[in-house]
Amino acid sequence: MSSGWEYMTYNKKKFNSIFIREFRPGGNFESDEVKNVYHYASMETFLSIIKNQSIRFSDVRFMNDKSESIFFVKRLLEFQDEYTNTYPLFSEVINELLKGNDYDAIKKLSVTNIKYCDFPNIRRPEQRNFIFCTSINPDSLNMWNYYASGGTYTGCSIGLSVDSLLKTFDTPVPNTSDPFSVYYGKVLYAKKRQFEAIEELAQRTEKILRKDHSPQSISQQAVSIRSYIQQQGQFYKDDSFKSENEYRFLISISERRIAHSEEDAKKFFGSNNKVLYEDFCAKRGLIVPYMNVRIPLNAFARITLAPMTEFEIAKNSVKEFLRVHGAKDAFEREVSVCKSRIPIRY
């Protein structure tokens, strides 16, 4: 059965774990190497990240964008409308997987959940997905706007080394894996590029089903596409969000394997993974689950302060904070504190 992992690239030169994989959707998509990414946060969140040396991967079901979990399915149905005659076997699988849903409602993004067909003859543990969102742009007015309150732009963007962050999930022994997968990469916004990526998925499905068009094979392909939707599908967003230049990290883990305490997390292999567990916080009036992820000090690359911050005072306080809670003088030399270059008066 196709697992969907063929759409992700494993870099064995960087990681021992075989399940740390980059999102490369194919088509004409070019994957430039990204060294640093930037997480925009309030100062309260920044304090928490440094003090606890951890970041939160949010449960995808509770993201700000209410279309988060269904947008890729919308694109899938739009592709099917346009290419039904070109990829009839692929369409057959999609219809089998999504029967029972209102297709028009999905295309209008007026639903919040997708009903997937179950296939009793194929075992598929229920997966949970947790996302950490960053931007490729360290100083974006659109991103600062999320922290504009009372006419002021506050907060900071936290620069993180992609490789250092990913290595926190790595295993000590080559070609091994923890009971979860980590996917990472740039978000794909352009509809044309999204269709090109979906077309590769359709071509692979057609090729398999032309060789074996049995009910079992159809079920296997449906389960494979569901995995793609729930994991790689998280790297597709509407073009209206393209100014965010988003870069994502996703943890995909079976529900039954989620740790709920540091003691429970000791079953994971990597040293940092032994403190990776599910916790909860209050957010926008909801109790939101998240995955607590330890982040090493060497992952921090740069701190950029918001446009209207009184820079010199803020810079000195941040440096003092890093000195006390970080790696003393070594941390100050490695992490620069920068001023936003965006000229906002009020």
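Which residue forms a salt bridge with Glu 246, and how far apart are the closest N and O atoms? Select Glu 246 and Arg 248 to see the pair: Arg 248 is the partner, and the closest N and O atoms are 2.6 Å apart. Both residues are buried. Keep in mind throughout that this is a predicted model.

**Stop 1**

Glu 68 sits in the loop between strand E4 (54–59) and helix H2 (71–83), while Arg 248 belongs to strand E10 (residues 246–254), so the bridge ties together parts that are 180 residues apart in sequence.

**Stop 2**

Move along to helix H2 and select Lys 74 and Glu 78. Their closest N and O atoms are 2.9 Å apart, and the pair forms a salt bridge. Here both partners lie in helix H2, four residues apart, which is about one turn of the helix. An α-helix has 3.6 residues a turn, so residues three or four places apart point the same way. Lys 74 is buried at 12% relative accessible area, and Glu 78 is buried at 16%. Salt bridges that share partners join another set, Asp 59, Arg 61, Arg 128, Glu 255 and Glu 278, into one network; select these five together to view it. Over the whole structure, a search finds 23 salt bridges.

**Stop 3: helices H1 and H9**

Show helix H1 (residues 43–52) and helix H9 (residues 311–325) as cartoons. Their axes come within 10 Å and cross at roughly 25°, which makes H1 roughly parallel to H9. The crossing of H1 past H9 is right-handed.

**Stop 4: helices H7 and H8**

Now show helix H7 (residues 191–211) with helix H8 (residues 215–230). The axes of H7 and H8 come within 10 Å and cross at roughly 165°. H7 and H8 are therefore roughly antiparallel to each other, and their crossing is right-handed. Which residues of H7 meet H8? They are Leu 201, Thr 205, Ile 208 and Leu 209.

**Stop 5: helix H3 and what covers it**

Then step past the end of H3 to Gly 100, which follows the helix and has a positive phi near 100°.

**Stop 6: Asp 239**

Go to the loop between H8 and E10 and pick Asp 239. Is Asp 239 buried or partly exposed? With a relative accessible area of 33%, Asp 239 is partly exposed. Setting aside neighbours within four places in sequence, Asp 239 is in contact with Tyr 189 and Ala 190. For a distance check, select Tyr 146 as well: the C-alpha atoms of Asp 239 and Tyr 146 are separated by 18 Å, and the two residues are 93 apart along the chain.

**Stop 7: the cysteines**

How many disulfides does a search of the whole structure find? The search finds zero. Select Cys 156 to begin. The closest cysteine sulfur to its own is in Cys 338, 11 Å away, which is too far for a bond. Cys 156 is buried, at 0% relative accessibility. Next select Cys 281. The sulfur of Cys 281 has its closest cysteine sulfur in Cys 133, at 14 Å, and that is again too far for a bond. Cys 281 is buried too, with a relative accessible area of 16%.

Definitions and conventions: Residues numbered from 1 in each chain as written. Predicted model: local features only at pLDDT ≥ 70, side-chain atom pairs only at ≥ 80, totals over all residues. Heavy atoms only, no water. Disulfide = S-S within 2.5 Å. Buried < 20%, exposed > 50% of the residue type's maximum accessible area, 1.4 Å probe, protein only. Salt bridge = Lys/Arg side-chain N within 4 Å of Asp/Glu carboxyl O. Helix = DSSP H or I, 4+ residues; strand = E, 2+ residues; numbered from the N terminus. Axes fitted to C-alpha atoms, helices over the stretch in contact; angles between N-to-C directions. Parallel < 35°, antiparallel > 145°, perpendicular 65-115°, else oblique. Left-handed = near helix turned anticlockwise from the far one by under 90°. Contact = heavy atoms within 4.5 Å.
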